[in-house]
Amino acid sequence: MYLFANATIYLGLAVSIYSLLIITLGISTQKQKLINSGKGGIIAVFTCAGLAMISLFYLLGTSDFHYQYVVDYTSSDLPILYKLTALWAGNAGSLLLWTFFLSLYMVMIMSSRKMKGNPMVPYVTSILLANAVFFFFILGFVAKPFELSNPVPAEGRGLNPMLQNPGMIIHPVTLYLGYVGLSVPFAFAMAALIMKNMDDFWIKMTRRWTIIAWLFLSLGNIFGGQWAYVELGWGGYWAWDPVENASFMPWLTATAFLHSVMIQERKNMLKVWNISLIIISYALTLFGTFLVRSGVLTSVHAFSNSNLGLYFLVFMGIAVIGSLYVLMSRYNLLKRSAGEFNSFVSKESSFLINNLLLVGAAFAVFWGTIFPLVSEAVRGTKVTVGTPFFNTVESPILLCMMFVMSVCPMLAWQKSTVKNLRKNFLIPAILAVIGMVLMVVLGIQKAWAVIGYGVIILLLITHYLEFYRGVKARRKMTGENPFLALYRLMIKNRRRYGGYLVHLGIAFITMGIIGSQNYDLQTMKTIDLGKSIEIKDYRINYDRLDQKKEGPNDVVFADITVFKDGKKLGSFEPKKIFYANSENEPSTEVTIISSLKEDLYVVLSAWENNGKATFLVKVNPMMDWLWIGSFMIVIGALFAIWNGKYQNITPRYTGVRKEVA
Amino acid sequence: MQDISVISIVCTAVLALVCLFFILSPLFKWEAYLGIMAKEQDISQIKENLFSTLNEIEFEYKMDKISHNDYKNLKKQYEVQIAGILKDEEKFASSNVDNSLMDEVEREIEATMQSYKKKKGEGK
């Protein structure tokens with residue numbers, strides 16, 4: 001196995017170097033044979049990466065402690081599912097997963113029907129191959145997944161208890177699919193620049209890729225938040241941790257990119273901006289990997305310190321400098337024949353404002369994340385920027401984005417008039433203000449919450465009107481019944497209406513964030529057996545404290561009975577698990593009682609020999625809205641890409657054309 | 001170092017041969033050249049884009065997003081562009097669009113728009 005498993009890595013490296021060179025040679029000599037040989041090499045690279053994955057799965061599944069990676073991340077008593085998913089628990093395995101996804105994407109691009117005869121493919125694959133060479137190099141010489149252990153231990157160290165959670169099975173996979181996915185539009189953008197194709201062909205080819213990458217990135221963030229909420233036991237879901245920020249930044253810039261490419265498709269504008277955005281998004285995925293693996297910043301999620309970060313920093317530097325060089329060398333061509341804004345009151349203007357807000361939000365997160373490094377370099381002391389900084393900066397930006405999202409559907413492409421905007425805007429605005437007044441009357445009096453919910457009401461109304469007026473206009477034109485008109489309206493405009501569903505999802509998430517951040521209640525009490533804790537309308541009776549064995553692990557648990565307004569909700573069992581083979585703190589299993597209104601969140605924090613126990617009890621309002629919104633984002637994104645064809649005709653607005661030399 | 005079994009050697013050799021097959025086999029196939037160039041945006045594609053734009057403008061007018069004057073101006077602007085394309089297609093020599101020709105072209109645009117709406121629906 002040792003020979004074979006290592007051969008998959010070194011052969012993968014050799015073949016990816018060969019393919020990169022032969023495709024480059026094929027492009028310069030215009031020989032299809034050479035290109036085809038390189039394409040064959042890509043299939044070989046995929047085969048090697050796939051077999052490397054299967055080999056590591058096999059070693060992990062069979063607890064073969066001859067291998068250091070198996071020793072470091074598993075133990076023989078670990079459930080088989082966690083044994084297998086330990087593949088992405090460490091540096092080497094997770095980078096192997098990354099390499100596998102990269103090779104999978106390369107094969108998908110190469111063998112896709114719409115890419116047949118497409119002259120961009122050799123350029124795109126060679127850019128992706130350069131990435132593959134880097135990753136295989138890392139796997140071969142820096143983070144080796146198939147290194148032997150010496151001496152061979154009888155038992156492994158086990159998996160970090162925090163990672164023994166269903167959320168952790170999916171979270172890294174979705175995040176990597178998103179990270180690697182962003183390299184596809186980046187490669188297409190670079191290929192278009194190198195080939196001097198200044199039209200929007202590359203955007204049309206990568207529409208679905210970009211949305212899929214964005215969807216996975218969204219899922220990665222959502223699953224990460226969900227995991228933090230149920231597993232870490234502090235009652236929150238987002239702590240502006242450097243690693244969380246690392247995955248949030250490319251999400252923000254990719255969101256901006258998804259919107260701004262529509263302006264290029266329709267108005268032939270923002271070409272330089274779009275390419276800059278995809279370069280930034282791609283660079284941020286590498287930057288995130290650098291942060292996670294370098295150990296320069298402390299985080300609950302980070303991998304152990306290693307010199308891997310340096311390799312990523314160098315690779316990121318080369319990628320960014322190279323792509324900026326290509327961009328600058330084509331700058332004049334990009335500026336030529338570019339369209340321009342015809343009106344400040346238009347859909348493209350609102351998209352541009354939203355873009356600026358998203359990029360501003362990404363920059364603020366970036367600055368807050370690297371500030372400890374900057375302060376250490378300048379003043380010699382590491383000053384950490386905490387949650388208050390991020391909340392203070394990001395909250396107004398989020399609210400402004402929500403406002404622009406509310407106004408955007410009411411605007412037409414190219415030219416809207418203030419009069420029309422006023423006509424469409426007046427009723428939703430009045431209703432939003434009435435809603436805000438009602439909130440104040442009903443006792444919601446925190447300024448940010450009132451403004452936030454007001455903007456959300458505005459967004460919900462304008463989006464409802466967009467659907468309503470769309471159906472009405474379609475019925476006027478076709479005479480269809482309302483349901484058929486709505487169905488056809490949506491499936492004929494998947495991207496637009498899928499986008500609106502995503503907007504609604506974001507509105508729901510924002511409702512959850514505002515509610516849980518502004519109106520959460522918390523108490524921490526040490527009580528005797530038989531006593532109870534009261535918080536809001538809840539009463540939590542502490543009935544029993546005991547311990548038991550769950551497999552090899554020791555579990556300390558408390559039996560509690562929860563009542564709301566005097567009515568029994570049930571008996572529950574918050575616990576602490578002491579994992580065998582783990583030197584870490586015990587893991588927390590929280591009790592969460594969810595409803596649309598709020599979550600009751602109970603943590604068994606500590607206990608004494610006399611039966612006294614300390615509980616952390618929280619009431620987190622509107623948490624379910626956060627998860628419902630996340631689900632809507634997934635539905636909206638899937639709706640947008642379902643059955644999408646890149647040949648779909650996009651309206652093209654010409655406006656005033658400019659010819660600049 | 002772990003003992004290297006025969007089966008491991010065979011599997012590695014097979015993997016190496018498979019890789020070699022993938023990269024070498026195209027080199028022994030018939031000679032072909034990388035002659036396929038990016039397809040230029042053809043005239044029918046531009047025409048489809050313009051019809052789609054007209055369709056969207058009409059829809060947004062019906063949704064009260066643009067004023068009547070803007071609607072008329074924008075519609076005219078794109079109709080003239082389509083007229084130019086249709087004129088080119090029909091190989092008329094004259095570069096100016098006379099009124100009778102415009103009327104004829106407008107009727108043709110209307111007919112095409114109707115069939116287009118049936119085919120594609122709003123906004124496409």
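I began with the contact between α16(A) and α18(A). From α16(A), the residues W448(A), A449(A), G452(A), Y453(A), I456(A), L459(A), L460(A), H463(A) and E466(A) take part. They meet Y500(A), H503(A), L504(A), A507(A), T510(A), M511(A), I514(A) and N518(A) of α18(A). I count two residues as in contact if their C-beta atoms, placed from the backbone, lie within 7 Å. Helices (H or I, at least four residues) and strands (E, at least two) are DSSP runs, numbered from the N terminus.

Then I looked up the geometry. Helix α16 (residues 447-478) and helix α18 (residues 494-518) of chain A pack at about 160°, and their axes are 10 Å apart. α16(A) is therefore roughly antiparallel to α18(A). Axes are lines fitted to C-alpha atoms, for helices over the stretch in contact, and angles run from 0 to 180 degrees between N-to-C directions. Under 35 degrees counts as roughly parallel, over 145 as roughly antiparallel, 65 to 115 as roughly perpendicular and the rest as oblique. The α16(A)/α18(A) crossing is left-handed; that is, the near helix is turned anticlockwise from the far one by less than a right angle, whereas clockwise would be right-handed.

**Ground rules.** This is a predicted model: local features need pLDDT of at least 70, side-chain atom pairs count only at pLDDT 80 or more, and totals for chains, interfaces and linings use all residues. Residues are numbered from 1 along each chain as its sequence is written, while chains are lettered from A and ligands numbered from 1 in the order in which they are written.

**Helix pair α8 and α9.** I checked another pair in chain A. Helix α8 (residues 201-231) and helix α9 (residues 242-267) pack at about 150°, with axes 10 Å apart. That makes α8(A) roughly antiparallel to α9(A). Their crossing is left-handed. The contact includes W214(A) and L217(A) of α8(A), and W251(A) and L258(A) of α9(A).

**T369(A).** Is T369(A) buried or exposed? It has 24 C-beta neighbours inside 10 Å, so T369(A) counts as buried. The cut-offs are 20 or more other C-beta atoms within 10 Å for buried, 12 or fewer for exposed, and partly exposed in between; C-beta atoms are placed from the backbone. T369(A) lies in helix α13 (residues 347-379) of chain A. Leaving out residues up to four places away in sequence, T369(A) touches P242(A) and N245(A). T369(A) and V243(A) are 126 residues apart in sequence, yet 9.0 Å apart in space, C-alpha to C-alpha.

**Cores.** I looked up the largest nonpolar core and found 198 residues. Such a core is a set of buried Ala, Val, Leu, Ile, Met, Phe, Trp, Tyr and Cys residues joined through C-beta atoms within 7 Å. V124(A), F188(A) and A191(A) have the most contacts inside the largest core. Its largest share, 17 residues, comes from helix α7 (residues 166-194) of chain A. At least three residues come from each of domain 1 (1-159) and domain 2 (405-518 + 627-641) of chain A; these bounds come from an automatic or database domain assignment. Another core, of 18 residues, lies apart from it and includes I540(A) and V617(A).

**Chain B.** How many helices does chain B have? I found four helices and zero strands. Of its 124 residues, 23% count as buried. V18(B) sits in helix α1 (residues 6-24) of chain B. V18(B) counts as partly exposed because it has 15 C-beta neighbours inside 10 Å. Not counting residues up to four places away in sequence, V18(B) touches A44(A) and T47(A).
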